[in-house]
Amino acid sequence: GNGVKKNVLAVLPGDEKIDGEKLAGFFGGKKISFATAEQVKTLTDCVPGALAPFTFNPELELVIDPALFERYSDIAFNAGTLTETIVLNADDYRTIVKPQEFSFIL
């Protein structure tokens, strides 16, 4: 509604839900929408469900809810495939990625 459009990869604990208003507000917007499978493929070269919590595309911003680091010492994610899982130390991940952190879970 206000002309703000950003592609965002929002990373949060898997048992939580996104507060869309909080997330949109963090980026100066009013609402969020989820990417289509085609948009996901274009932005990440991955299929939905196989995204790693990293971005290598300057058109895709990464934001992480700090609850991820507060609750877990390791994070598990798919990395480009729906059949393989990678487990990474959460502190190492935080050091490597240096993410924007903002609380956006319900």
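Thr-42 is placed in helix H2, helices being DSSP runs of H or I of at least four residues and strands DSSP runs of E of at least two, numbered from the N terminus. The model is a predicted one, in which local features need pLDDT of at least 70 and side-chain atom pairs count only at pLDDT 80 or more, while totals for chains, interfaces and linings use all residues. Residues are numbered from 1 along each chain as its sequence is written, and side-chain values use heavy atoms, with hydrogens and water left out.

With a relative accessibility of 62%, Thr-42 counts as exposed (buried means under 20% relative accessible area, exposed over 50%, and partly exposed in between, with a 1.4 Å probe and protein chains only). The C-alpha atoms of Thr-42 and Asn-57 lie 9.8 Å apart in space, and the two residues are 15 apart in sequence.

Three strands form an open sheet with parallel pairing, in the order S1-S2-S5; two strands pair if DSSP finds at least two bridges between them. Strands S1 and S5 are the edge strands, each pairing on one side only. The parallel pairing of S2 with S5 runs over 2 bridges, and Ile-64 stands opposite Glu-101 in S5.

Ile-64 also belongs to the largest nonpolar core, which has 15 residues; those touching the most other members are Val-11, Leu-62, Ile-64, Leu-68, Phe-69, Ile-75 and Tyr-93. A nonpolar core is a set of buried Ala, Val, Leu, Ile, Met, Phe, Trp, Tyr and Cys residues joined through side-chain atoms within 4.5 Å. At least two residues of this core come from each of strand S1 (7–11), strand S2 (60–64), helix H3 (67–71), strand S3 (74–78) and helix H4 (90–97). Another core, of 7 residues, lies apart from it and includes Leu-23, Val-63, Ala-67 and Ile-105. When neighbours within four places in sequence are left aside, Ile-64 is in contact (heavy atoms within 4.5 Å) with Val-11, Phe-69, Tyr-93, Pro-99, Gln-100, Glu-101, Phe-102 and Phe-104.

Pockets were identified on a 1 Å grid over the protein atoms alone, a pocket being an open set of points, where a 1.4 Å probe fits, with protein on both sides within 12 Å along at least five of seven lines; lining residues have an atom within 4 Å of a point. The largest pocket has a volume of about 1,200 Å³, volume being the space filled by probe spheres set on the points, which are joined across faces, edges and corners. Its lining comprises 42 residues, of which Val-8, Leu-9, Ala-10, Phe-34 and Ala-35 are the closest to the centre. Two or more lining residues are given by each of S1, helix H1 (20–26), helix H2 (37–44) and S3. The lining of the largest pocket divides into 27 nonpolar, 10 polar and 5 charged residues, where Ala, Val, Leu, Ile, Met, Phe, Trp, Tyr, Cys and Pro count as nonpolar, Asp, Glu, Lys and Arg as charged, and the others, Gly among them, as polar.

The second largest pocket holds about 160 Å³ of space. Among its 13 lining residues, Thr-44, Cys-46, Ala-52, Phe-54 and Phe-56 are the closest to its centre. The lining of the second largest pocket has 9 nonpolar, 4 polar and no charged residues.

Most residues other than glycine have a negative phi. Asp-45, in the loop between H2 and S2, has a positive phi near 60° and is exposed, with a relative accessible area of 60%. Lys-98, in the loop between H4 and strand S5 (100–101), has a positive phi near 50° and counts as exposed at 67% relative accessibility.
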